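Dear colleague,

Please find below the structure that I am handing over to you. My notes on its strands and charged pairs follow.

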Amino acid sequence: MAVAGCLIRVSNHAQLAACCALDIIATMAKIRDRVREELTDEDRQSICDLKDHDTPTLDAHVGLNTGRINAGVVGTNNPRFKLFGDTVNMASRMESTCPHGCVQISAATERCIKEHFVLKDRGLVQIKGKGEQLTYLLEGHLAGAPRVRQPILCQKVEAGGSSNRERNDGSLT
């Protein structure tokens, strides 16, 4: 799992996550090619596609959702930073119902990135605990849209003119 826009809030968090997801899917093709080159005949029988006996069955699928999250350190013997809440659960459901080799996004994420990416309406998908939800497949960058790779910090400007970066918990840094 990955998160964009946490702990310091950034306005382009969904675009950054979408770029990362597309990079993951593109990288899987390179990994499959590299694995294919190093396979022995014995390996081919156990990890290759049954149809062509040459393509390794390595694949990825990514789910994206946008919204508020809860985060914190849990555990005393082995403390871990954890993310939880409805937004995290929905992102997990986007991933688990996504076809292999694709990126599935929620309607909330679609609203944030539709001006920068090519999206395909997947229609209503049955989501555990949510019922039918409208989802989209992220297919690439729109021609001419800027490929944002740097976070854009959200700024709070105070009456005196100074600005501070706003954290997701509402405090300032």
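**Strand pairing and salt bridges**

Strand 1 and strand 4 run parallel and are joined by 3 bridges. In this pair, Leu64 stands opposite Ile105 of strand 4. The model is a predicted one, in which local features need pLDDT of at least 70 and side-chain atom pairs count only at pLDDT 80 or more, while totals for chains, interfaces and linings use all residues. Residues are numbered from 1 along each chain as its sequence is written, and side-chain values use heavy atoms, with hydrogens and water left out.

As to terms, helices (H or I, at least four residues) and strands (E, at least two) are DSSP runs numbered from the N terminus. Two strands are taken to pair if DSSP finds at least two bridges between them.

The hairpin of strands 5 and 6 has 3 residues between the strands, and Gly129 takes a positive phi near 80° in it.

Strand 2 (residues 70-74) and strand 3 (residues 80-84) run antiparallel, joined by 5 bridges. Asn70 has Phe84 as its bridge partner in strand 3.

The structure holds 3 salt bridges (a side-chain nitrogen of Lys or Arg within 4 Å of a carboxyl oxygen of Asp or Glu). One of them joins Lys130 to Asp86, with the closest N and O atoms 2.7 Å apart. Lys130 lies in the loop between strand 5 and strand 6 and Asp86 in helix 3 (residues 86-96), so this pair ties together parts that are 44 residues apart in sequence.

Another joins Arg34 and Glu38 at 3.3 Å between the closest N and O atoms. Both lie in helix 1, 4 residues apart, about one turn of the helix, and both are exposed (over 50% relative accessible area; buried is under 20%, partly exposed in between; 1.4 Å probe, protein chains only).

Yours sincerely
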